[in-house]
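Please read them alongside the coordinates.

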Amino acid sequence: MSTTRSVTVSRRGILAAGGAVGIGALLAACGSEKGAAGANGGAKGGPWSFTDDRRKKVSLDHTPQHIVAFTGTAAALHDFGINEQIVGVFGPTELKNGKPDPQAGDLDISKVTILGNAYDQFNVEKYAGLSPDLLITNMYEPGALWFVPDDSKDKITGLARSVAITSARVPLLTIIERYAELAKSLGADLKAKKVTDAKARFEKAAAALRKAAKSHPVKVLACSGSADLFYASNPGINADLMYFKSLGVDLIVPDHLDKGGYFESLSWENADKYRADVLLLDNRTATLQPKDLAAKPSWAKLPAVKAGQVTPWSSEPRFSYAGAAPLLESLTKAIEGARKVS
C-alpha cells in the first residue's frame with residue numbers, strides 16, 4: 001500500500017474511486033503556458049521562495065499568481081487574505097445541494113475551478129489548463145501530499161512546484177502560524193483588520209476554553225462513526241485535539257491504536273469501551289451523523305448520547321484563526337453545559 005493511500009485510510013475518509021487519466025503531450029503543452037504566466041508574474045513582486053515542512057525550499061522567479069490548493073488549505077489562505085491568486089481547488093468542496101462543504105470555509109467556490117470533489121477525482125487536464133504556478137496542500141504523514149492521488153501524483157507535481165504543510169503531530173496553533181507565514185510570503189497583510197480581529201477572537205476563545213476545562217472537569221472523547229466501526233481518536237496526534245488537551249481539556253487517550261496512530265477501531269458492540277461525558281463527533285460529510293447513528297442500539301446506550309452531550313467535531317480543521325476560533329467556542333459551550341455521566 002502506498003504512503004498517500006495508507007494515510008487516506010488512516011484518516012477515515014470514505015473516498016471515491018476513479019481519478020485522473022493520463023494526459024500525454026498535454027504536459028509539454030502546459031509547460032509553455034506556465035512560462036507565459038511566470039513572465040507576467042515576474043512583474044508582481046519579483047523572486048519568491050518558501051521552505052515547506054518537507055524542508056524543501058520552493059523558489060520561483062515571481063510570486064505565485066495561479067495557486068491550486070486542497071480545499072481546506074485554500075480556505076485557510078483565504079482567511080489570511082489570499083484570494084484572487086487561488087484559481088483551483090481539490091477535495092471536499094461542494095455538497096450535493098450545491099452549497100459549500102464545511103471545509104471550504106468562507107471561500108467563494110463559484111470563483112474557483114473544482115478539480116475534484118473527493119479523493120481520486122483530481123482532474124489533471126483541468127489542472128494543466130489553469131497554468132498553475134504552485135500547488136499547496138496539507139501533509140498528515142511525512143512526504144504525503146493530502147488528496148493528491150498516487151496514480152497521477154507524478155504528472156501533477158510535474159506541472160508546478162508544490163508546498164506541503166504538516167497537519168498532524170504538532171499543535172493546532174503551530175500549524176496556524178505556519179499558514180500565516182506562508183500567506184505572508186504570498187502577499188497577505190497579516191496586520192489587516194480581518195486577520196487581527198480573527199486572531200483576537202481565537203485568543204479569547206482559547207482563554208475561555210482553558211477556563212471551562214478547569215471549572216467543568218468532564219471527560220471528552222473525540223470519535224467518528226461508520227457503518228461497521230466506531231473510532232476513538234487519539235489526542236496525541238490530531239493537531240486540534242493536541243491543542244485542546246494543552247488547554248486542559250480532559251481528552252480520553254485510546255490504549256490500542258491502529259497503525260498510523262490516529263485512532264482505535266472498535267466494533268459497535270464495544271463502542272462503550274471508553275466512558276465519556278462528552279462526545280466530539282466527526283462532522284465530515286463522509287461520516288455518520290447523530291441522525292444516522294440513532295438506529296444503532298450501542299450508540300443510543302452511550303451515557304453521553306443519552307444525556308444529549310454530543311457536539312460536532314471538525315476533524316480536519318481549517319488552519320487559520322478564523323477557522324479555528326469557532327471550534328474552540330463550540331467545545332467551550334459543550335463543556336460548560338455538560339454534567340458528569342460516566
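1. A residue is called buried under 20% relative accessible area, exposed over 50% and partly exposed in between, with a 1.4 Å probe and protein chains only. By that cut-off, 52% of the 342 residues of the chain are buried. The accessible surface is about 14900 Å², and carbon and sulfur atoms hold 53% of that surface; accessible areas come from the Shrake-Rupley method with a 1.4 Å probe, and for residues only the protein chains shown count as cover.

2. This is a predicted model, in which local features need pLDDT of at least 70 and side-chain atom pairs count only at pLDDT 80 or more, while totals for chains, interfaces and linings use all residues. Residues are numbered from 1 along each chain as its sequence is written, and side-chain values use heavy atoms, with hydrogens and water left out.

3. The chain has 12 helices and 13 strands. These are DSSP runs numbered from the N terminus: helices are H or I with at least four residues, strands E with at least two. A contact means heavy atoms within 4.5 Å. Among contacts with a separation of 6 or more, 73% are between residues 24 or more positions apart.

4. Strands pair if DSSP finds at least two bridges between them. Between strand 3 (residues 67-70) and strand 4 (residues 86-90) there are four bridges, in the parallel sense. Phe70 has Phe90 of strand 4 as its bridge partner.

5. Axes are lines fitted to C-alpha atoms, for helices over the stretch in contact, and angles run from 0 to 180 degrees between N-to-C directions.

6. Helix 6 also packs on helix 8, with the axes 7 Å apart and at about 120°. The two helices are therefore oblique (angles under 35 degrees are roughly parallel, over 145 roughly antiparallel, 65 to 115 roughly perpendicular, the rest oblique). Leu172, Leu173 and Ile175 of helix 6 meet Ala239, Asp240 and Tyr243 of helix 8.

7. There are 13 aromatic pairs. Rings of Phe, Tyr and Trp (its six-membered ring) pair if their centres lie within 6.5 Å; planes under 30 degrees apart are stacked, over 60 edge-to-face, the rest tilted. Phe80 and Tyr321 are edge-to-face, because their planes stand at 75°, with the centres 5.9 Å apart. Phe80 is in the loop between helix 3 and strand 4 and Tyr321 is in helix 12 (residues 321-336), so the pair ties together parts 241 residues apart in sequence. Phe80 is buried at 2% relative accessibility, and Tyr321 is buried at 8%.

8. Phe202 and Tyr243 are a stacked pair, 5.8 Å centre to centre with 15° between the planes. Phe202 belongs to helix 7 (residues 193-215) and Tyr243 to helix 8 (residues 239-246), 41 residues apart. Phe202 is buried at 2% relative accessibility, as is Tyr243 at 10%.

9. A single aromatic cluster contains Phe70, Phe90, Tyr119, Phe122, Tyr127, Tyr140, Trp146 and Phe147.
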